[in-house]
Amino acid sequence: RQHEGPRRVKRAWVIPPISVSENHKRIPHLLVQIKSDKQQPGGVIYSIKGPGVDEEPLGIFSIDKFSGKVFLNAMLDREENDRYRLRAFALDLGGVTLEDPTDLEIIVVDQNDNRPLFRQDVFTGRVVEGAEPGTCVMTVDATDADDPDTDNAALRYSILDQGAAAMFSINATTGEICTARPGLDRETMGVYNLTVQAADMSGDGLTTTAMAVIYLEDINDNPPEFTKEEFSMEVEEQAAGADVGKVFVHDKDLAGSPSWLAKFTILEGDPEGAFAIRTDPHTNDGVLSVVKPLDHEVRDRFELTVSVQNERPLEPSVPASPRAVATVRVRVRDANEAPVFRENPRRISVLEGTPPGTAITTYTASDPDTHQIQTLSYALLYDPADWLQLDPHSGTVRTKRELLHPSAFLQGGWYIALVLARDDAEPPLSATGTLSIEILEVNDHAPQLQPPAGVLCGQPGRGGTLLLGATDDDRPPHGAPFHFQLSPQHPQLARNWSIARFNGEATPSDRNQGPLDHSLMAHPAPIPASIPIPPPSPAASHPSRHPVPPHAHTGVPRVPAVPAVLAALGAARARRRRRALRKGLLQRSRDDMRDNILNYDEQGGGEEDQDAYDINQLRHPELFSPRAKPPLRRDAPLSSGTPLGPRKLPSSPSDIEDFINEGLEAADSDPSVPPYDTALIYDYEGSGSVASPLSSIVSSLTDEDQDYDYLSEWGPRFRRLADLYG
C-alpha cells in the first residue's frame, strides 16, 4: 500500500459531433445517447439547451432525461442552418450538477436539393456584323444554394438551342459566349436567340435554362442604290424654291443609322446652280428642288446626273455599286410672266415751258413670254400734277400742260411719274416703271435793276455814287450773279461815268461833269436791263433832301452806298500809306492798332492790300488834312479839281457824302495810282501772302490748340474776348 502507483483520472464526458442528413424523413430519429460517468444510486437526470430546443427554432431536438437519448423531431434544411450547437447537462435527483456541461454539435449534411438559378432570365449582348471567330459577346452566370464545397453546387454551362447556323459557342465553366464562325450578316439575320443551360453535379445534376439574345450591330457594308436608272420630272418656270420631285433609293443597312442615311450630289447638267437636292429623313429618298428661277424661253429642259452615298463611309472591303448614279430629266413648263421695264427708272430732261402735246419720251416694257402672243398696254399710274398724257398702245409720253418752275410737285427740280404696263393673259400681269423728268431752267426773264431810278449829285468837281442791285425770276444758272455795265448804245458815257462792282452790286460814279441822263445795264446772260439816271433838279443838289428810293431784297446782298464809298476811300488811303511807308516818308509804327475799316472788296492786290485804315481821319479830318497842295495828275480830266486847303468837318451827318467825295477825288488825283485809261485788275489775288491761309481756321479740332493771346493786342473793343479766351 505504501508504494501505490499513480491513479487514472477519468476524463469529463465528451460528445463527438453528430452528423445528420438534411431532409431526413424518419421522425423522430435517434441521434445519440449521452451518459454521465458519475452514476448515482437514484439515477441521473439529463437535459439539453440551445437552438432547436429552447431557442428558435423550437422543438427540433429533444432528450430522454433518464436515458440521455437525443432525438431529431423535424426535417432539417442545410440551406437554412447547416449546424446546431447544444449544451448537455447531468444532474442528480436533487438538482445538483454532477458534471460540467458539455457541448453537443449537430452537423446537417447537404443533399442536392437545389437547382442552379441564372441571375436573370434574359441576357442581352451585341456584336458587329462580320466579327471574326472568337470574338466574345457576353457572359451568362448562375448560382446554386447547395454546399459549394460539394458537387451539388458544381455548375456547367451549355447552349441548348441557337438555330441551324451554330454561330456561337459558350465556355462550360465561365459561361462566356463568343462567336464560333465567320459570316455574321445583319442584313441576313440581325438577332440571335440562344437557349443556355446551367447544371450542377458538374453537369449531371439538376439543371436550369435562360435566354441569351445577341444583336448584330450594323456596319456600312451595303451601298445605297437608286431604284431605277432614270427619273423624269416637270416644273413651272419662275417657281423658285419649289420641289420638283423625288428620286428613290434603297439601302439594306439598318434604317436610321449613319450607314443607311443617304447623301445626294448633282454631278452634271446644272452649271448655273439652279437646282438643289436634299434627303428626306423619313424615307431616305432624294428631293429635287429649284433654288433659282427658271426661264422657259431660255432653257426648257435639263438633264441632271445625280449620285448617292451614305453619310458614313463605305467599308473598304465593299465594292461600289454601279446603281449609285442616276439620270434626272427635268422639263420646264411655260408660264405667263409679268412685263419688264428694262430701264427703271427712266430719266429724261425737259425744258420748262415746253408746249402741250410735245412728245418727251417713249417708255415701254418688254414681255419675257416670247413663245406666247401677247399685247402690252400702258397707263399712267401716278401723275400728281396732271402734266402728262400717255399713249396706251405705243407708250409715248407727251406734255399735257406747260411744265413750269416753281411747282409744289417738283422735288429738287425733278418730277416723278409712274407708268403701268399690263399684258392681256389670263390672269393678266403688270409691271410699274418710274419716269423721272428733270425740268431744265430756261433764261426767259430779264433781270430787273433795283432801284429802277436813282438820283446822283453831279456838282462840278464832286463825284456822286449810287448803289444798284438786280433781281431775276429765273433760277440758277440764269439768275445771279449779275454783270453790270454802262449801256453800249451810249459809248460817250464811259468818258465821264464809271461803274464798280461792290458785293455783287453796281456803284456808278461821275468822273467829270457830263450828261447825266444815261442808262446802266445788268445782265446774267444775253438779256440786258437798263436804268435811266435823270439829271438832278435844283432840289436834288442835296441828296439829304431827296434820298434814293430803297431797293428791294432779291437774294443778292444789299449794302448801303455810304459803306461802299467808305470801303473805297479806305482802300485808297491804305494804298497811299503803304507806298509812303515803303519810301520812308511815313515813320509811324506798323503795330499801331486803332479802330479801323478793312477793305474787303478790292480784287487787285490780295491780302497785302489789307493795311489798316485809321478811322480817326474821318472823325477828325482837320488833324489829317494835307497842308501842301497835292500833286496834279497829268492824265486827269481838265475839269477835275482838288481841294486847296484843309477840309472842314461836316456840319451834319448828311454832309458826310461831300467829305467822302473829297477823299475820292484826292485818291483819283494821286499820280502814283494807275491812270484812268488803265484796265483794272479784279482777279489777281497777289503772291506771297503774309497772312495765314483760311484753311488754318478749321485746321484745329479743339480749342486747346488755339492761342488767343493775340486778342489782347487788338485794342479795347476786343478786351472782353481777350479776358474770356486769352
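1. Ser-289 and its surroundings. Leaving aside neighbours within four places in sequence, Ser-289 is in contact (heavy atoms within 4.5 Å) with Ala-242, Asp-243, Val-244, Ala-274, Phe-275, Ala-276 and Arg-278. Ser-289 is found in strand S23; strands (E, at least two residues) and helices (H or I, at least four) are DSSP runs, numbered from the N terminus. With a relative accessible area of 10%, Ser-289 is buried, a word that means under 20% relative accessible area, with exposed over 50% and partly exposed in between (1.4 Å probe, protein chains only).

2. Basis of the note. This is a predicted model, in which local features need pLDDT of at least 70 and side-chain atom pairs count only at pLDDT 80 or more, while totals for chains, interfaces and linings use all residues. Residues are numbered from 1 along each chain as its sequence is written, and side-chain values use heavy atoms, with hydrogens and water left out.

3. The nonpolar core. Which residues have the most contacts inside the largest nonpolar core? They are Phe-226, Phe-264, Phe-275, Leu-288, Val-328 and Val-330, in a core of 24 residues. Such a core is a set of buried Ala, Val, Leu, Ile, Met, Phe, Trp, Tyr and Cys residues joined through side-chain atoms within 4.5 Å. Two or more residues each come from strands S18 (230-236), S19 (243-247), S21 (262-268), S22 (275-279), S23 (286-290), S24 (301-310) and S25 (325-333). In soluble globular proteins, nonpolar side chains tend to be buried together.

4. Leu-288. Not counting residues up to four places away in sequence, Leu-288 touches Met-233, Asp-243, Val-244, Gly-245, Ile-266, Phe-275, Ala-276, Ile-277, Leu-304, Val-328 and Val-330. Among these, Phe-275, Val-328 and Val-330 are also listed with the most contacts inside the core.

5. Leu-86. This residue sits in strand S6 (residues 83-91) and is buried, at 1% relative accessible area. Beyond four places in sequence, Leu-86 is in contact with Ile-48, Lys-49, Gly-50, Pro-51, Val-53, Phe-61, Thr-102, Asp-103, Leu-104 and Ile-106. Leu-86 and Pro-51 are 35 residues apart along the chain, and their C-alpha atoms are separated by 6.8 Å.

6. Lys-49 and Phe-89. Lys-49 lies over the face of Phe-89, at 5.5 Å from the ring centre. A charge sits over a ring if NZ of Lys or CZ of Arg is within 6 Å of the ring centre and within 35 degrees of the ring normal.

7. Asn-152. The loop between strand S11 (142-143) and strand S12 (156-161) holds Asn-152. Is this residue buried or exposed? Asn-152 counts as buried, at 10% relative accessibility. Its side chain makes a polar contact of 2.8 Å with that of Asp-110; a polar contact is a pair of N or O atoms within 3.5 Å, where within protein one must be able to donate a hydrogen and the other to accept it, and residues adjacent in sequence count only if both atoms are side-chain atoms. Residues up to four places away aside, Asn-152 touches Asp-110, Gln-111, Asn-112, Asp-144, Asp-146, Asp-200 and Met-201.

8. Aromatic pairs. The whole structure has 10 aromatic pairs. Rings of Phe, Tyr and Trp (its six-membered ring) pair if their centres lie within 6.5 Å; planes under 30 degrees apart count as stacked, over 60 as edge-to-face and the rest as tilted. Phe-118 and Tyr-157 form a tilted pair, 6.2 Å centre to centre with 45° between the planes. Phe-118 lies in strand S8 (residues 117-118) and Tyr-157 in strand S12, so the pair ties together parts that are 39 residues apart in sequence. Both Phe-118 and Tyr-157 are buried. The pair of Trp-714 and Phe-718 is edge-to-face because the planes are at 90°, with ring centres 4.9 Å apart. Trp-714 is partly exposed at 41% relative accessibility, and Phe-718 is partly exposed at 31%. Ring pairs also link Phe-118, Phe-123 and Tyr-157 into a cluster.

9. Backbone points to check. The peptide bond from Ile-27 to Pro-28 is cis, with omega near -5°; Pro-28 is in the loop between strand S1 (18-21) and strand S2 (29-33). Glu-426 and Pro-427 are also joined by a cis peptide bond, with omega about -5°, and Pro-427 is found in the loop between strand S31 (414-422) and strand S32 (430-440). Ser-202, not a glycine, has a positive phi of about 60°. Ser-202 is in the loop between strand S15 (191-199) and strand S16 (207-217).

10. Cysteines. The structure holds zero disulfides, a disulfide being a pair of cysteine sulfur atoms within 2.5 Å. Cys-136 is partly exposed at 41%, whereas Cys-178 is buried at 13% relative accessibility.
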